[in-house]
Amino acid sequence: MVSCNLRPSLLLLLSASAFAADKPCTLHDGDKFYDLSALKASKDYQFRTDGGHTFYLNVCRAVTTDPWNTGVDEKEGDIAGLVRRDHGDFAIGLVNTTLEAKEGGLMLRQSNGSPCTGLDSGLRGSSTIRFICDTSVYAAGRPVLLAQWPSEEDKACNYELEWRTHYACPTGERGLFGGLIVFCMVMATILLMSFVVISTLYNRFVLRLSGYDQMPKFTFSHVREIWDVCSEFLRSMLDLLVAQSRSWRSKGYGNLNPTSHHWTSREEEEAMIASDPLEMESEGVHVTAEVELQDGHPHGGSGPPSEEGVV
(Lines give C-alpha, C1' and ligand atoms only; values in the text may rest on other atoms or scores of the structure.)
Protein backbone atom coordinates (compact mmCIF):
# COMPACT_ATOMS: atom_id res chain seq x y z
CA MET A 1 0.00 0.00 0.00
CA VAL A 2 2.85 2.34 0.82
CA SER A 3 4.62 1.56 -2.44
CA CYS A 4 1.45 2.37 -4.38
CA ASN A 5 1.22 5.74 -2.67
CA LEU A 6 4.85 6.50 -3.49
CA ARG A 7 4.49 5.81 -7.20
CA PRO A 8 2.78 9.12 -8.10
CA SER A 9 5.43 11.04 -6.15
CA LEU A 10 8.25 9.21 -7.90
CA LEU A 11 6.67 9.76 -11.30
CA LEU A 12 6.24 13.46 -10.54
CA LEU A 13 9.87 13.72 -9.44
CA LEU A 14 11.13 11.97 -12.56
CA SER A 15 8.96 14.18 -14.76
CA ALA A 16 10.29 17.31 -13.07
CA SER A 17 13.88 16.11 -13.54
CA ALA A 18 13.26 15.37 -17.20
CA PHE A 19 11.67 18.77 -17.69
CA ALA A 20 14.66 20.48 -16.08
CA ALA A 21 17.05 18.54 -18.33
CA ASP A 22 15.04 19.48 -21.43
CA LYS A 23 15.45 23.22 -20.94
CA PRO A 24 17.15 24.68 -24.04
CA CYS A 25 20.94 24.91 -23.94
CA THR A 26 21.20 23.28 -20.53
CA LEU A 27 22.48 19.89 -19.46
CA HIS A 28 22.44 17.82 -16.28
CA ASP A 29 25.40 15.48 -16.12
CA GLY A 30 25.32 13.67 -12.81
CA ASP A 31 25.52 16.31 -10.11
CA LYS A 32 26.81 18.92 -12.57
CA PHE A 33 24.70 21.48 -14.32
CA TYR A 34 25.66 23.33 -17.54
CA ASP A 35 23.99 26.34 -19.07
CA LEU A 36 25.11 27.91 -22.35
CA SER A 37 22.13 30.22 -22.79
CA ALA A 38 24.36 33.16 -21.86
CA LEU A 39 26.19 32.71 -25.17
CA LYS A 40 23.13 33.83 -27.12
CA ALA A 41 24.13 37.09 -28.76
CA SER A 42 22.26 39.89 -30.51
CA LYS A 43 25.20 40.09 -32.94
CA ASP A 44 26.76 37.02 -34.52
CA TYR A 45 30.23 35.82 -33.58
CA GLN A 46 32.51 36.35 -36.58
CA PHE A 47 35.92 35.12 -37.67
CA ARG A 48 37.68 34.49 -40.97
CA THR A 49 38.77 31.15 -42.31
CA ASP A 50 42.22 30.46 -43.75
CA GLY A 51 40.79 30.96 -47.22
CA GLY A 52 39.51 34.44 -46.36
CA HIS A 53 35.80 33.61 -46.03
CA THR A 54 33.78 35.15 -43.20
CA PHE A 55 32.21 32.77 -40.68
CA TYR A 56 29.00 33.80 -38.85
CA LEU A 57 27.89 31.78 -35.86
CA ASN A 58 25.46 32.03 -32.96
CA VAL A 59 24.56 29.68 -30.12
CA CYS A 60 21.12 28.26 -29.34
CA ARG A 61 19.48 30.73 -31.70
CA ALA A 62 19.43 31.69 -35.37
CA VAL A 63 22.11 33.90 -36.85
CA THR A 64 21.18 37.57 -37.06
CA THR A 65 23.02 37.96 -40.37
CA ASP A 66 20.67 37.74 -43.34
CA PRO A 67 21.48 34.52 -45.23
CA TRP A 68 21.92 34.65 -48.99
CA ASN A 69 21.27 31.77 -51.37
CA THR A 70 21.84 29.00 -48.81
CA GLY A 71 19.58 26.42 -50.42
CA VAL A 72 17.80 25.93 -47.08
CA ASP A 73 14.06 26.38 -46.98
CA GLU A 74 12.83 28.65 -44.15
CA LYS A 75 10.28 25.97 -43.21
CA GLU A 76 13.09 23.55 -42.36
CA GLY A 77 14.31 25.64 -39.44
CA ASP A 78 16.62 28.46 -38.40
CA ILE A 79 20.21 28.57 -39.58
CA ALA A 80 22.71 28.30 -36.72
CA GLY A 81 25.77 29.43 -38.67
CA LEU A 82 26.99 30.12 -42.18
CA VAL A 83 30.08 30.71 -44.28
CA ARG A 84 29.91 33.55 -46.77
CA ARG A 85 31.19 32.23 -50.08
CA ASP A 86 31.47 33.83 -53.49
CA HIS A 87 28.34 32.26 -54.99
CA GLY A 88 26.17 32.18 -51.87
CA ASP A 89 26.18 31.44 -48.16
CA PHE A 90 26.79 27.92 -46.95
CA ALA A 91 24.75 26.97 -43.87
CA ILE A 92 26.69 24.73 -41.50
CA GLY A 93 23.53 23.45 -39.82
CA LEU A 94 20.22 24.31 -38.25
CA VAL A 95 19.72 25.51 -34.69
CA ASN A 96 20.06 22.80 -32.07
CA THR A 97 19.62 23.41 -28.33
CA THR A 98 20.45 19.90 -27.09
CA LEU A 99 23.87 19.64 -25.44
CA GLU A 100 25.94 16.50 -25.03
CA ALA A 101 28.60 15.71 -22.44
CA LYS A 102 31.69 14.40 -24.23
CA GLU A 103 35.20 13.85 -22.83
CA GLY A 104 34.89 16.32 -19.99
CA GLY A 105 33.35 19.03 -22.14
CA LEU A 106 30.17 19.95 -23.95
CA MET A 107 29.32 19.21 -27.54
CA LEU A 108 26.71 20.78 -29.79
CA ARG A 109 25.91 19.10 -33.10
CA GLN A 110 24.22 20.99 -35.94
CA SER A 111 23.04 19.38 -39.16
CA ASN A 112 20.74 19.72 -42.20
CA GLY A 113 22.53 22.76 -43.56
CA SER A 114 23.12 23.71 -47.18
CA PRO A 115 23.45 20.97 -49.83
CA CYS A 116 27.11 20.02 -50.23
CA THR A 117 28.68 20.82 -53.61
CA GLY A 118 30.87 18.36 -55.50
CA LEU A 119 29.89 15.45 -53.25
CA ASP A 120 27.31 12.71 -53.26
CA SER A 121 23.79 13.97 -53.51
CA GLY A 122 21.95 14.05 -50.22
CA LEU A 123 24.85 15.27 -48.10
CA ARG A 124 24.18 18.52 -46.33
CA GLY A 125 26.24 20.92 -44.26
CA SER A 126 26.93 20.04 -40.64
CA SER A 127 29.12 21.18 -37.79
CA THR A 128 30.29 20.15 -34.35
CA ILE A 129 31.14 22.68 -31.66
CA ARG A 130 33.13 21.51 -28.64
CA PHE A 131 32.85 23.85 -25.66
CA ILE A 132 35.81 23.76 -23.29
CA CYS A 133 35.61 25.03 -19.70
CA ASP A 134 38.24 27.74 -19.33
CA THR A 135 37.99 29.97 -16.27
CA SER A 136 40.71 32.27 -17.62
CA VAL A 137 38.34 33.38 -20.38
CA TYR A 138 35.91 35.47 -18.36
CA ALA A 139 34.10 36.85 -21.41
CA ALA A 140 32.07 34.80 -23.84
CA GLY A 141 35.16 33.80 -25.78
CA ARG A 142 35.29 33.15 -29.50
CA PRO A 143 34.93 30.02 -31.65
CA VAL A 144 37.97 28.65 -33.44
CA LEU A 145 37.85 26.49 -36.58
CA LEU A 146 39.85 23.30 -36.03
CA ALA A 147 39.12 21.34 -39.17
CA GLN A 148 36.87 21.12 -42.22
CA TRP A 149 36.03 18.35 -44.63
CA PRO A 150 36.77 18.37 -47.49
CA SER A 151 39.73 20.67 -47.01
CA GLU A 152 38.86 22.82 -50.05
CA GLU A 153 37.19 26.06 -49.02
CA ASP A 154 34.48 25.98 -51.68
CA LYS A 155 33.69 22.29 -51.15
CA ALA A 156 33.86 22.06 -47.34
CA CYS A 157 30.74 20.40 -45.99
CA ASN A 158 31.54 19.50 -42.38
CA TYR A 159 33.15 21.79 -39.82
CA GLU A 160 34.68 21.14 -36.42
CA LEU A 161 35.03 24.07 -34.04
CA GLU A 162 36.32 24.63 -30.52
CA TRP A 163 35.04 27.27 -28.11
CA ARG A 164 36.81 28.06 -24.85
CA THR A 165 34.70 29.97 -22.35
CA HIS A 166 33.92 30.02 -18.64
CA TYR A 167 30.25 29.50 -19.53
CA ALA A 168 31.11 25.91 -20.34
CA CYS A 169 32.06 25.27 -16.71
CA PRO A 170 29.55 23.50 -14.47
CA THR A 171 27.50 25.73 -12.22
CA GLY A 172 24.85 25.30 -9.58
CA GLU A 173 21.31 25.36 -10.83
CA ARG A 174 19.27 28.08 -9.15
CA GLY A 175 15.63 27.21 -8.83
CA LEU A 176 12.80 28.69 -6.83
CA PHE A 177 14.18 27.41 -3.54
CA GLY A 178 17.67 28.70 -4.32
CA GLY A 179 16.32 32.12 -5.27
CA LEU A 180 14.35 32.25 -2.02
CA ILE A 181 17.47 31.46 -0.03
CA VAL A 182 19.43 34.21 -1.79
CA PHE A 183 16.61 36.70 -1.14
CA CYS A 184 16.52 35.81 2.56
CA MET A 185 20.29 36.14 2.84
CA VAL A 186 20.24 39.59 1.22
CA MET A 187 17.43 40.79 3.48
CA ALA A 188 19.19 39.42 6.56
CA THR A 189 22.37 41.27 5.58
CA ILE A 190 20.47 44.53 5.10
CA LEU A 191 18.73 44.18 8.47
CA LEU A 192 22.00 43.35 10.21
CA MET A 193 23.81 46.37 8.76
CA SER A 194 20.87 48.63 9.62
CA PHE A 195 20.87 47.35 13.20
CA VAL A 196 24.61 47.97 13.56
CA VAL A 197 24.34 51.55 12.29
CA ILE A 198 21.21 52.47 14.28
CA SER A 199 22.50 50.84 17.46
CA THR A 200 25.83 52.65 17.26
CA LEU A 201 24.15 56.01 16.71
CA TYR A 202 21.73 55.36 19.58
CA ASN A 203 24.51 54.42 22.00
CA ARG A 204 26.61 57.39 20.93
CA PHE A 205 24.14 60.27 20.84
CA VAL A 206 21.29 59.10 23.10
CA LEU A 207 23.02 57.10 25.81
CA ARG A 208 26.21 59.22 25.54
CA LEU A 209 28.47 56.20 25.44
CA SER A 210 31.96 56.25 24.01
CA GLY A 211 34.70 53.85 23.05
CA TYR A 212 33.80 50.18 22.91
CA ASP A 213 30.65 50.86 24.93
CA GLN A 214 29.01 52.48 21.90
CA MET A 215 29.34 49.31 19.86
CA PRO A 216 26.05 47.43 19.31
CA LYS A 217 25.14 44.71 21.77
CA PHE A 218 23.58 41.60 20.30
CA THR A 219 21.29 40.84 23.21
CA PHE A 220 17.54 40.41 23.23
CA SER A 221 16.98 43.37 25.54
CA HIS A 222 19.10 45.69 23.42
CA VAL A 223 17.43 44.55 20.21
CA ARG A 224 14.04 45.13 21.83
CA GLU A 225 15.17 48.59 22.98
CA ILE A 226 16.32 49.54 19.47
CA TRP A 227 13.06 48.22 18.05
CA ASP A 228 11.04 50.35 20.45
CA VAL A 229 13.10 53.44 19.62
CA CYS A 230 12.66 52.94 15.87
CA SER A 231 8.93 52.31 16.29
CA GLU A 232 8.51 55.44 18.39
CA PHE A 233 10.50 57.48 15.88
CA LEU A 234 8.40 56.27 12.96
CA ARG A 235 5.20 56.88 14.95
CA SER A 236 6.26 60.45 15.79
CA MET A 237 7.16 61.15 12.18
CA LEU A 238 3.76 59.88 11.09
CA ASP A 239 1.99 62.05 13.67
CA LEU A 240 4.01 65.05 12.51
CA LEU A 241 3.00 64.48 8.91
CA VAL A 242 -0.65 64.16 9.89
CA ALA A 243 -0.49 67.38 11.95
CA GLN A 244 1.17 69.24 9.10
CA SER A 245 -1.50 68.01 6.71
CA ARG A 246 -4.29 69.20 9.01
CA SER A 247 -2.61 72.58 9.50
CA TRP A 248 -2.23 72.92 5.76
CA ARG A 249 -5.92 72.21 5.24
CA SER A 250 -7.05 74.54 8.06
CA LYS A 251 -5.25 77.48 6.46
CA GLY A 252 -7.33 77.09 3.33
CA TYR A 253 -4.67 75.52 1.15
CA GLY A 254 -6.99 72.63 0.59
CA ASN A 255 -9.55 74.93 -1.15
CA LEU A 256 -7.28 75.58 -4.11
CA ASN A 257 -8.93 74.65 -7.37
CA PRO A 258 -6.28 72.65 -9.25
CA THR A 259 -7.83 73.30 -12.67
CA SER A 260 -8.31 77.07 -12.50
CA HIS A 261 -5.66 77.83 -9.83
CA HIS A 262 -8.10 80.19 -8.05
CA TRP A 263 -9.30 80.21 -4.46
CA THR A 264 -12.75 78.80 -3.93
CA SER A 265 -13.10 80.40 -0.50
CA ARG A 266 -14.90 83.78 -0.63
CA GLU A 267 -12.95 85.14 2.35
CA GLU A 268 -9.63 84.28 0.72
CA GLU A 269 -10.70 85.90 -2.54
CA GLU A 270 -11.74 89.13 -0.78
CA ALA A 271 -8.49 89.18 1.17
CA MET A 272 -6.48 88.83 -2.03
CA ILE A 273 -8.47 91.61 -3.72
CA ALA A 274 -7.98 93.89 -0.72
CA SER A 275 -4.21 93.28 -0.80
CA ASP A 276 -3.98 94.07 -4.53
CA PRO A 277 -2.92 97.77 -4.97
CA LEU A 278 -4.55 97.98 -8.40
CA GLU A 279 -7.85 96.77 -7.03
CA MET A 280 -7.59 99.18 -4.10
CA GLU A 281 -6.94 102.10 -6.48
CA SER A 282 -9.95 101.19 -8.62
CA GLU A 283 -12.09 100.89 -5.48
CA GLY A 284 -10.89 104.38 -4.35
CA VAL A 285 -11.81 105.95 -7.67
CA HIS A 286 -15.22 104.32 -7.53
CA VAL A 287 -15.86 105.60 -3.98
CA THR A 288 -14.75 109.17 -4.91
CA ALA A 289 -17.11 109.20 -7.86
CA GLU A 290 -20.01 108.13 -5.67
CA VAL A 291 -19.23 110.89 -3.12
CA GLU A 292 -19.12 113.56 -5.81
CA LEU A 293 -22.39 112.29 -7.24
CA GLN A 294 -24.01 112.39 -3.82
CA ASP A 295 -22.81 116.01 -3.29
CA GLY A 296 -24.66 117.01 -6.44
CA HIS A 297 -27.80 115.21 -5.19
CA PRO A 298 -28.84 116.51 -1.74
CA HIS A 299 -31.66 113.98 -1.58
CA GLY A 300 -29.33 111.13 -1.68
CA GLY A 301 -29.67 110.70 -5.43
CA SER A 302 -33.47 110.11 -5.42
CA GLY A 303 -35.57 112.23 -7.74
CA PRO A 304 -34.51 114.79 -10.36
CA PRO A 305 -31.91 117.51 -9.55
CA SER A 306 -33.21 120.79 -8.05
CA GLU A 307 -33.24 124.01 -10.02
CA GLU A 308 -30.79 125.64 -7.54
CA GLY A 309 -28.18 123.14 -8.56
CA VAL A 310 -28.59 123.92 -12.25
CA VAL A 311 -26.18 126.58 -13.63
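Predicted model: local features only at pLDDT ≥ 70, side-chain atom pairs only at ≥ 80, totals over all residues.

Biologist: Then why is Asn69 called exposed?

Modeller: Asn69 has a relative accessible area of 53%. The cut-off for exposed is over 50%, so Asn69 counts as exposed. Asn69 sits in the loop between β4 and β5, and its phi is positive, near 55°, though it isn't a glycine.

Biologist: What about Cys60: buried or exposed, and why?

Modeller: Its relative accessible area is 9%. Buried means under 20%, so Cys60 is buried. Cys60 also lies in the loop between β4 (54–57) and β5 (79–85), and it has a positive phi of about 60° without being a glycine.

Biologist: Why is Phe195 called buried?

Modeller: With a relative accessible area of 14%, against a cut-off of under 20%, Phe195 is buried, therefore. Phe195 belongs to helix α2 (residues 176–206). Leaving aside neighbours within four places in sequence, its contacts include Pro216, Phe218 and Ile226. Phe195 and Pro216 are 21 residues apart in sequence, and their C-alpha atoms are 8.0 Å apart.

Biologist: And what makes β1 and β2 a pair?

Modeller: Pairing takes at least two bridges. β1 (residues 26–29) and β2 (residues 32–35) have four bridges joining them, and they run antiparallel, so they pair. Leu27, for instance, has Tyr34 in β2 as its bridge partner. Two residues lie between the strands of this hairpin, where Gly30 has a positive phi near 70°.

Note on methods. Residues numbered from 1 in each chain as written. Heavy atoms only, no water. Buried < 20%, exposed > 50% of the residue type's maximum accessible area, 1.4 Å probe, protein only. Contact = heavy atoms within 4.5 Å.
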